[in-house]
Amino acid sequence: MIIAIDGPAASGKSTVAREVAKRLGYKYIDTGAMYRAVTWKALKEKIDITKADAITALARGADIEITDLKDTQYRVFIDGEDVTEAIRSPKVSAAVSTIAKIGRVRTALVKKQRSYADTYPNMVVEGRDIGTVVFPDAEAKVFLTASPIERAKRRQRELKEKGHKLEVTTVERDIITRDKIDATRITSPLAKAPDAYVIDTTDKTIGQVVQLIINLVKKS
Ligand code: CDP
């Protein structure tokens, strides 16, 4: 069974998706980490992020590995380099949507995402286009939302824990900008699938959201 979890920036997808995967014993796939890893590499190699050909070549050639949640630590590697923390930096966040709107980059990464289904029949996959494009036949689809200010506060807290001190207004502006690019791009924009179950997480705890998803999965 595939559980697709989509939603805008910092809507709580990762935390909730991981917890649902743990509770059900499913494989967890964070597709955002893949776009972030390619972005990190492009910035490291000083490739102009608007140069579609160069970025596409990088995405096609990159070896992206995401360790299983069953391992004690969840890690993300690109070409052997551990980028788990680095891909969450404000610099990567500011550039990732520019790279994610390149259609050929998406094709390369979507292929890899779909290939996981050959190995793992049961997965929780989170992103922006999972229920609409990557796995349109997913048995359970969820679309998480929260007010921009709530999302900004959550992200600011996460960033602070990682040593990045930013004003909440700056974080809010950044996520609104990213959402706009993600929702208006031509190839597979951020969108709610018509058959997705919408959860507004603004006033809900992680536990409540996880339970709502588990209930939905049990029904389907
Ligand atoms: O965790 P956060 O909500 O900040 O974002 P993420 O899930 O790590 O995704 C980072 C960026 O990758 C998004 O803003 C999108 O530009 C892109 N992305 C995408 O285009 N399609 C996906 N399936 C997942 C992420």
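**Figure 1. Contact of helix 2 with helix 4.** In this predicted model, the axes of helix 2 and helix 4 come within 9 Å and cross at roughly 105°. Axes are lines fitted to C-alpha atoms, for helices over the stretch in contact, and angles run from 0 to 180 degrees between N-to-C directions. Helix 2 and helix 4 are therefore roughly perpendicular to each other (65 to 115 degrees; angles under 35 count as roughly parallel, over 145 as roughly antiparallel, and the rest as oblique). From helix 2, the residues Y35, R36, V38, T39, W40, A42 and L43 meet K91, V92, S93, A95, V96, I99 and A100 of helix 4, contact meaning heavy atoms within 4.5 Å. By class, this contact of helix 2 with helix 4 comprises 10 nonpolar, 2 polar and 2 charged residues. Ala, Val, Leu, Ile, Met, Phe, Trp, Tyr, Cys and Pro count as nonpolar, Asp, Glu, Lys and Arg as charged, and the others, Gly among them, as polar. Helices (H or I, at least four residues) and strands (E, at least two) are DSSP runs, numbered from the N terminus.

**Figure 2. Burial of helix 4.** Helix 4 (residues 90-100) is mostly covered, with 8 of its 11 residues buried. Buried means under 20% relative accessible area, exposed over 50%, and partly exposed in between (1.4 Å probe, protein chains only). The buried residues of helix 4 are V92, S93, A95, V96, S97, T98, I99 and A100. Their cover includes helix 2 (31-44), helix 3, helix 5 and helix 8.

**Figure 3. Contact of helix 3 with helix 5.** The axes of helix 3 (residues 52-61) and helix 5 (residues 103-119) come within 8 Å, crossing at roughly 5°. Helix 3 and helix 5 are therefore roughly parallel to each other. Helix 3 contributes A52, D53, I55, T56, A59 and R60 to the contact, and helix 5 contributes R104, V105 and A108. The contact of helix 3 with helix 5 has 5 nonpolar, 1 polar and 3 charged residues.

**Figure 4. Surroundings of D182.** D182 is placed in helix 8 (residues 168-184) and counts as buried, at 4% relative accessibility. Leaving aside residues up to four places away in sequence, D182 touches S97, R128, P189 and L190. Of these, S97 is one of the buried residues of helix 4.

Figure 5. Most residues other than glycine have a negative phi. D79, in the loop between strand 4 (76-78) and strand 5 (81-82), has a positive phi near 45°. At 37% relative accessibility, D79 counts as partly exposed. S188 has a positive phi of about 35° although it is not a glycine. The loop that holds S188 runs between helix 8 and strand 8 (197-200). S188 is buried, its relative accessible area being 12%.

**Figure 6. Overall setting of the close-up views.** The protein has 9 helices and 8 strands, and 49% of its 220 residues count as buried. Along its principal axes, the C-alpha trace spans about 50 × 40 × 35 Å. Among contacts between residues at least 6 apart in sequence, 73% join residues at least 24 apart.

**Notes.** Residues are numbered from 1 along each chain as its sequence is written. In this predicted model, local features need pLDDT of at least 70 and side-chain atom pairs count only at pLDDT 80 or more, while totals for chains, interfaces and linings use all residues; side-chain values use heavy atoms, with hydrogens and water left out.
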